[in-house]
Amino acid sequence: MIVEDLMKKPIAIEKDVMLVDAAKLMTKHKINSLIFLVNDKIAGIITHEDLVAHFGEQKKVSEIMTRQVLMVKKNDKIQKAMDLIREKNISIVPVVDNKGDLVGVVHAKDILNQACASDDFLMD
């Protein structure tokens, strides 16, 4: 199985917004992270953990986002995404195409759900 088989549509922002606005957007879409794009390329990621750590602060996303974003390619094996999630203790990984453009996200919970549903899905 490859990453593209499990990835979901990403929610991204291209405008630097205040943390409260990022929180509202995440709540509206029922997601736990936002990807920040600059010129259509991934510049950073912000998670609900980041928002909790900076609760009440009047800051913009760009001030607290993680800039060294770990990614996988859509044609990578799902095992590569799972290894990255486990080794770096993260729950979501952006997915890019061969040009480096954002095409999706893969969540740890979706990989685990698929693993529970299929005995051999990581063997592909």
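## Loops with a positive phi

Lysine 30 sits in the loop that links α2 and β2. The model we are looking at is a predicted one. Although lysine 30 is not a glycine, its phi is positive, at about 55 degrees. As background, most residues other than glycine have a negative phi. Is lysine 30 buried or exposed? Lysine 30 is exposed, with a relative accessible area of 75%.

Asparagine 39 counts as exposed, at 70% relative accessibility.

Helix α2 spans residues 19–29, and its buried residues are Leu19, Ala22 and Met26. These residues lie on the same side of α2, because they cover an arc of only 55 degrees around the axis. On the other side of α2 you will find Lys24, Thr27 and Lys28, which are exposed.

What covers the buried residues of α2? The cover includes the strands β2 (33–38) and β3 (41–47), together with the helices α3 (48–53) and α4 (61–64).

Glutamine 58 is placed in the loop between α3 and α4. Its relative accessible area is 67%, so glutamine 58 is exposed. Along the chain, glutamine 58 and valine 20 are 38 residues apart, while in space their C-alpha atoms are 8.1 Å apart.

Valine 69 is found in the loop between α4 and β4. Valine 69 counts as buried, with a relative accessibility of 15%. Which residues is valine 69 in contact with, leaving aside its neighbours within four places in sequence? They are Ile42, Gly44, Ile45 and Pro94. As for glutamate 14, it is 55 residues from valine 69 along the chain, and their C-alpha atoms are separated by 16 Å.

## Helix α5, inside and out

Now to α5, where the buried residues are Ile78, Ala81, Met82, Leu84 and Ile85. Seen down the axis of α5, these residues fall within an arc of 160 degrees, so they line one face of the helix. Arg86 and Glu87, on the other side of α5, are exposed.

The buried residues of α5 have several packing partners: the helices α1 (3–6) and α6, and the strands β4 (72–73), β5 (92–96) and β6.

In α6, the buried residues are Ala108, Asp110 and Ile111. They cover an arc of only 165 degrees around the axis, which puts them on the same side of α6. Turned away from that buried side is a face with the exposed residues Lys109, Asn113, Cys116 and Ala117. The buried residues of α6 pack against α1, α5 and β6.

Histidine 107 belongs to strand β6, which covers residues 102–107. Histidine 107 is buried, with a relative accessible area of 11%. Leaving aside neighbours within four places in sequence, histidine 107 is in contact with Lys8, Asn32, Ile85, Ser91 and Ile92. Among these partners is Ile85, which is also one of the buried residues of α5.

## How α5 meets α6

Two packed helices are described by the angle between their axes and the distance between the axes. What are these values for α5 and α6? Helix α5 (residues 78–88) and helix α6 (residues 108–117) pack at an angle of about 125 degrees, and their axes are 10 Å apart. That angle makes α5 oblique to α6. The crossing in which α5 passes α6 is left-handed.

Which residues make this meeting? From α5 come Ile78, Ala81, Met82 and Ile85, and from α6 come Ala108, Ile111 and Leu112. By class, the contact of α5 with α6 has seven nonpolar residues, with no polar and no charged ones.

Definitions and conventions
Residues numbered from 1 in each chain as written. Predicted model: local features only at pLDDT ≥ 70, side-chain atom pairs only at ≥ 80, totals over all residues. Heavy atoms only, no water. Axes fitted to C-alpha atoms, helices over the stretch in contact; angles between N-to-C directions. Helix = DSSP H or I, 4+ residues; strand = E, 2+ residues; numbered from the N terminus. Parallel < 35°, antiparallel > 145°, perpendicular 65-115°, else oblique. Left-handed = near helix turned anticlockwise from the far one by under 90°. Contact = heavy atoms within 4.5 Å. Nonpolar A, V, L, I, M, F, W, Y, C, P; charged D, E, K, R; others polar. Buried < 20%, exposed > 50% of the residue type's maximum accessible area, 1.4 Å probe, protein only. Arc of directions from axis to C-beta.
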